[in-house]
Amino acid sequence: MNSINSIWARWRVERKSQIRGFKLIVYTMSRSPLSVIGFSFVLIFFVIALIGPILITYPQDVRGAVHMDQKFKPPSSLHPFGTDEVGRDIYSRVIMGTRISLQIGLLIIFVAMGIGVPVGIIAGYLGGWVNEVLMRITDIFLSVPGLLLALAIVGALGPGIKNAMLALSIVWWPGYVRLVQGKTLSLREESFVEAAKSIGASKFRIIFGHILPNCTSPIIIKASMDMGMAILFAANLGFIGVGAQPPIPEWGAMISTGRNYLMNHWWMATFPGLAILITVLGFNLLGDGLRDVLDPQSRI
Amino acid sequence: MKRYFLKRFLSIIITLIGLSVIVFMVSRVAPGDPAKLAAGPDATEEMVQIIQKEFRLDDPLPVQYISYMRGLLRGDFGRSIRTRHQVQEDIRLFLPATFELVFFSIAFAIAFGILFGILSAVYKDTWIDHGARVFSVTGVAVPMFWLGIMLQLLLAAKFHLLPIGGRLDTMILPPTTITRFFLMDSLITGNWVVFKNALSHIFLPAFVLSFPALASITRINRAEMLEVLHKDFILNERAQGISERLIIAKYALKNALIPTLTMIGLRYGWMLGGTILVETVFDWPGIGNYAVGAAVYSDFQPVMAVTIILGLNFMIANLFVDLGYGVLDPRVRYE
C-alpha cells in the first residue's frame, strides 16, 4: 500500500505540468455551458451503452421477439416510448441502440485514424513524390460526397451493418490524412524537429516521437466531432436500407420501419430520431469545447 | 489565369479517372454476384451464364474497365442489370429533378445562412443571437431523414399545409420542357398553376436538404462577421461617418464571406450526398432515389454513374469556390 502511495506521489511530481494542463482544460471547459452540456450528453451516452441491459424492461424485444397482442401501443408507463409493429418495446430497443451506435462510431473512427494518421504523417514528412501520390489518392476519395461513396460501397458489398461500417471507414480516413498532413508540414520546419535530426534521430523516431505527439490535439478534436457524424452516417445508411437490418435495434433502421406506420403511430420514428439528435449534438458540442480549449486559433 | 484553368481542368480529369477506377474496383471486387442477383433466385446456372455473357462480366477486369471507360467517353454509362435500361437514359430523366432540388436548397441555405449570420453578429447576445446559435448548433446534428419525416408528419399529414412528397400533384401535368426544371419552365411559360404546385412540392425537401448547410453557414458567417467588425478598418469607416448599414452589408460582409465561401463549398458536397436521403423520404424522382433503388439490389451500373456524375459536379463546384475567392479578395492570384 505504501509503495503504491509513493509511486502515486512520484507520478504526480513527474507529471506536474501535464496535470496542471489537464486541470486547466477541465476548468476552461466547465466555464462554457455548451461544453458542459455536450460533455454530459456524451457521458450519459457512454453510461447507457455500458449499463444498458440493466435499464431495459424487455430484453427479449431487443432481438426479434414478437408480441402481436402488444403492437402499436402508444407511449404509456409500461412502454415509455410505445411499441412497434410486432409489439416490441421501443424504449428497450432505443436504449440498446446506444451500444450499437457506440460500436459503430468507435470502429469507424479507429479504423479511419489507423489509416489516415500514418498516411498523413508520412506524406507530410517525406514530402516529394510520396506526398504527391498519397495526397492525390486522398483527393480522389474527398472528391465525391461521402454518403454517396459509402452507398456505392455498401451497394457492392451487400446490405448489412458490418459492410456499412466497412464502407464508412473507407470513406472516413481521407479526412485524417488532410488534417495530419497539413499539421506535419508546419511541424516539419520547427526547431525541435531540426534538433532531433541533428542528433541523429531516425525518421521513425522523429515521426512518432516528435511529430505525432504534437498532432494529438487536432486529432482528438476531429475524432470527437467525427464520432457524432459517423453515428449519423451509419443511421443514414440504416435508414435507406443498406445498413443495419431489422431486427437489429439500430436507430436509423428503426426510423425506416417506423416511417411505414408514421401516420397513425408517430412514436415509432420519433424516439430513435431524438436519440440520434442528442447523441450527435453531444459529440459536436464536446468537440467544439475541446477545440476552443486545445486549439483556439482554428475555427472550422 | 489560362494556365490555372488548364491545371485545374487536368486535375479534374485525373481525379475523375481515379474515381472511376475506385468505383469500378469496388463494384467488381465485391463478393455478391450481380448476374446471379439479376437472374433471380430460381435461375439455372445457364441463365446466370447468359447474363454474365450479355454484360461481359466474364471478361478479365482490365478489359472490362477499358470497355467501361470507352463507353464513358461516349456518354454511355452501360445498362442496368436489373431493369435492362440504358443508365444514361434514366439519368437524363432523373438528373434535372435532383439539380432543381439541390440548386433551390443551396440558394436557400446561402441566402438565409448569411442573413442569419449577419443578424446574429450584429445583435450579439440578444435573443436573435441566442436563437441563431441554438439553431446553428442543433442544425448540424439533426438527422436529415428524420427531420423530413417529422415535418411530413406535422405539416403534411396533420395540418395539410404542404404535399407529402413527389414533384407535382398527380392530377397536374408537367410544364412544357425547356430547362427541365419545373419551377423555371412553368415560370417561363407563365403557367402559374404548375408553378405554385411545384413550389409547394419542392419547399419541404429543399428546406430539409438545406438545414445542416443553413446551420453551418449561419455559424461560420456569424463568427467571421464578429471578427471583422472588430477590425481597425471598420473603426476607421465608422469614424468617417459611413452608415452602419453600409459598413455591415458591404465592407464587413465582403471580408467575412471568404471563410463562409469555403463552408458553402464543403456543404454543397454534403448536400449532393444528402439527396440520397431527402429524395428517399420525399419520394422525389431524382438520381439520389435512383441510386438507392439500384444499390439495394446490387445493381451497380446506375450507382457508378450517379457517383461519377455527382463527383464531377462537386469538383466543378469546388472550382467555382476557388474562383469566388478571387472575386471577394483581390489579393488572390490564380497561377
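**Close-up views of a predicted two-chain model**

**Figure 1. Crossing of helix 5 and helix 6 in chain A.** In this predicted model, the axes of helix 5 (residues 90-126) of chain A and helix 6 of chain A come within 7 Å and cross at roughly 140°. Angles over 145 degrees would count as roughly antiparallel; helix 5 of chain A and helix 6 of chain A are therefore oblique to each other. The crossing of helix 5 of chain A with helix 6 of chain A is left-handed. Helix 5 of chain A contributes A:V119, A:I122, A:A123, A:G124 and A:L126 to the contact, and helix 6 of chain A contributes A:G128, A:V130, A:N131, A:L134 and A:M135. Sorted by class, the residues in this contact between helix 5 of chain A and helix 6 of chain A are seven nonpolar and three polar, with no charged residues.

**Figure 2. The side of chain A that touches chain B.** Across the interface, 40 residues of chain A are in contact with 44 residues of chain B. Two or more residues on the chain A side come from each of helix 6 (128-142), helix 7 (146-157), helix 10 (203-239), helix 11 (251-260) and helix 12 (267-294) of chain A. Helix 7 of chain A gives the largest share, eleven residues. By class, the chain A side consists of 28 nonpolar, nine polar and three charged residues.

**Figure 3. Helix 9 of chain A and the residue that follows.** Helix 9 of chain A spans residues 191-198 and is hardly covered. Among the eight residues of helix 9 of chain A, the count of buried residues is zero. In chain A as a whole, buried residues make up 46% of the 300 residues. After helix 9 of chain A comes A:G200, with a positive phi near 85°.

**Figure 4. Chain A as a whole.** Chain A contains twelve helices and zero strands. Its C-alpha atoms fill a box of roughly 75 × 55 × 35 Å along the principal axes. Of the contacts in chain A with a separation of 6 or more, 68% are between residues 24 or more positions apart.

**Figure 5. Confidence in chain B.** The mean pLDDT of chain B is 89, and 99% of the residues score at least 70. Within chain B, confidence is lowest in helix 2 (residues 34-39) of chain B, where the mean is 73. Confidence is highest in helix 5 (residues 87-122) of chain B, at 94. For the model, ipTM is 0.89 and pTM is 0.90.

Methods: Residues numbered from 1 in each chain as written. Chains lettered and ligands numbered in written order. Predicted model: local features only at pLDDT ≥ 70, side-chain atom pairs only at ≥ 80, totals over all residues. Contact = placed C-beta atoms within 7 Å. Helix = DSSP H or I, 4+ residues; strand = E, 2+ residues; numbered from the N terminus. Nonpolar A, V, L, I, M, F, W, Y, C, P; charged D, E, K, R; others polar. Buried ≥ 20, exposed ≤ 12 C-beta atoms within 10 Å, placed from the backbone. pLDDT = per-residue confidence, 0-100. Axes fitted to C-alpha atoms, helices over the stretch in contact; angles between N-to-C directions. Parallel < 35°, antiparallel > 145°, perpendicular 65-115°, else oblique. Left-handed = near helix turned anticlockwise from the far one by under 90°.
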